[in-house]
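Subject: Structure handover

Hello,

Here is the structure for you to look at. Please open it first, then read my notes below.

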Amino acid sequence: MHPAPLRALWTGVFLGTMTLSFAQTDSGASPSLVAADRIGPRKPMKVFLLIGQSNMAGRGKVEDEDRLPNPRVLMLNQALAWVPAVDPIHFDKPERIGTGLGKAFGLVVADTTPSIIGLVPAAYGGSALDEWAPGQPHYVNAVTRAREALKRGQLAGILWHQGESDRAPEKVATYAARFAKFIAQLRADLGAESVPVVVGEIGRFCPNEGPINAAIRSLPQAVPHCAVVSSEGLPGRPEEPEVLHFESPGYRELGRRYAQAWQQLTTNGHE
């Protein structure tokens, strides 16, 4: 069956013998990656699962630089198609989505490896840690999307940003234990028991952030091959009644910090 006429052609750089291009599908859907199955010797994509709540999903204003694609940084969209990673990457709450940390993370990692970087967005705004327990809808969705992505490559990391919904003292007290149990099962379900996990502090500007950030900083003691990213110096959005979200430059810097933490874990042999 012949492919539908090309609607648009987007050409990036060559990676080995591969050229990335994007074309209209027969169904009239949005452009999707048509070169994904042409990777020369089937060099695996580095796949990263992005999970947590709204600050992982992204709530920053989308600016021009956030819309610029990179031919080696892709995302798995809502329709399970590989497309250029441009913000907004997530689709959890269409009326609120915006710039997040994922694209900036992918750009830094792409600069250090010849591999294609595949981002798998699966975060959901407002979700508490208990809503990510195995068997819960957010967990099932994340595993389903990750398994689809793993048809194209290897899981290289799990990125987690969450905690704003777990600031109550009774939740803080058990956060590390609950997170460790969740991650152990997630790694097992994805067949990646030692895959690096990078977590980030919630904004230092959030009300009552101290206890939950202390719990987050303790996670490497409870979870093997885990690193924590600081949110120090990253401003929040002052227009919010309760300031919970970063501004767009803060998201980009947070993404770069996630990438540096992931690189340190992989340098130590934990990829």
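A pocket here means an open set of grid points with protein on both sides within 12 Å along at least five of seven lines. The model is predicted, so please keep that in mind as you read.

**The largest pocket**

How much space lies in the largest pocket? About 160 Å³. Its lining includes Gln78, His90, Phe91 and Asp92. Pro121, Ala122, Ala123 and Tyr124 also line the pocket. So do Pro137, His138, Asn141 and Arg145. Helix H3, residues 137–149, gives the largest share of this lining, with 4 residues. Sorted by class, the lining has 6 nonpolar, 4 polar and 2 charged residues.

**The whole protein**

Now step back. The protein has 7 helices and 9 strands. It has 271 residues, and 53% of them are buried. Take the contacts with a separation of 6 or more: 72% of them are between residues 24 or more positions apart.

Find strand E7, residues 153–161. Of its 9 residues, 8 are buried, so the rest of the structure largely encloses E7.

Which strands pair with E7? One of them is strand E3, residues 45–52. E3 and E7 run parallel and share 8 bridges. Look for Ile51, which stands opposite Trp160 in E7. Strand E8, residues 197–200, is also joined to E7. Here there are 3 bridges, and the pairing is again parallel. Ile158 stands opposite Val197 in E8. How does the chain get from E7 to E8? The path goes through helix H4, residues 169–189. This β-α-β crossover is right-handed.

While you have a strand on screen, check its side chains. In a regular strand they alternate between the two faces of the sheet.

**Arg204**

Next, go to the loop between E8 and helix H5 (210–217), where you will find Arg204. Is Arg204 buried, partly exposed or exposed? Its relative accessible area is 35%. Buried means under 20% and exposed means over 50%, so Arg204 counts as partly exposed.

What does Arg204 touch, leaving out residues up to four places away in sequence? The list is Glu209, Asn213, Arg217, Ser230, Ser231 and Glu232. Look at Leu234 too. Arg204 and Leu234 are 30 residues apart along the chain, yet their C-alpha atoms are separated by 7.7 Å.

**Backbone points to check**

Most residues other than glycine have a negative phi, and most peptide bonds are trans.

- Leu80 has a positive phi of about 65°, although it is not a glycine. It lies in the loop between strand E4 (73–76) and E5. Leu80 is partly exposed, with a relative accessible area of 37%.
- The peptide bond from Asp87 to Pro88 is cis, with omega near 0°. Pro88 sits in the loop between strand E5 (82–84) and helix H2 (102–110).
- His225 is not a glycine either, and its phi is positive, near 55°. It lies in the loop between helix H6 (219–222) and strand E9 (226–229). His225 is partly exposed, with a relative accessible area of 25%.

Best wishes

Key:
Residues numbered from 1 in each chain as written. Predicted model: local features only at pLDDT ≥ 70, side-chain atom pairs only at ≥ 80, totals over all residues. Heavy atoms only, no water. 1 Å grid on protein atoms, 1.4 Å probe; cavity = no way out; pocket = protein on both sides within 12 Å on 5 of 7 lines; lining within 4 Å. Points joined across faces, edges and corners; volume = space filled by probe spheres on them. Helix = DSSP H or I, 4+ residues; strand = E, 2+ residues; numbered from the N terminus. Nonpolar A, V, L, I, M, F, W, Y, C, P; charged D, E, K, R; others polar. Buried < 20%, exposed > 50% of the residue type's maximum accessible area, 1.4 Å probe, protein only. Pairing = 2+ DSSP bridges. Right-handed = clockwise from strand over helix to strand, strands pointing away. Contact = heavy atoms within 4.5 Å.
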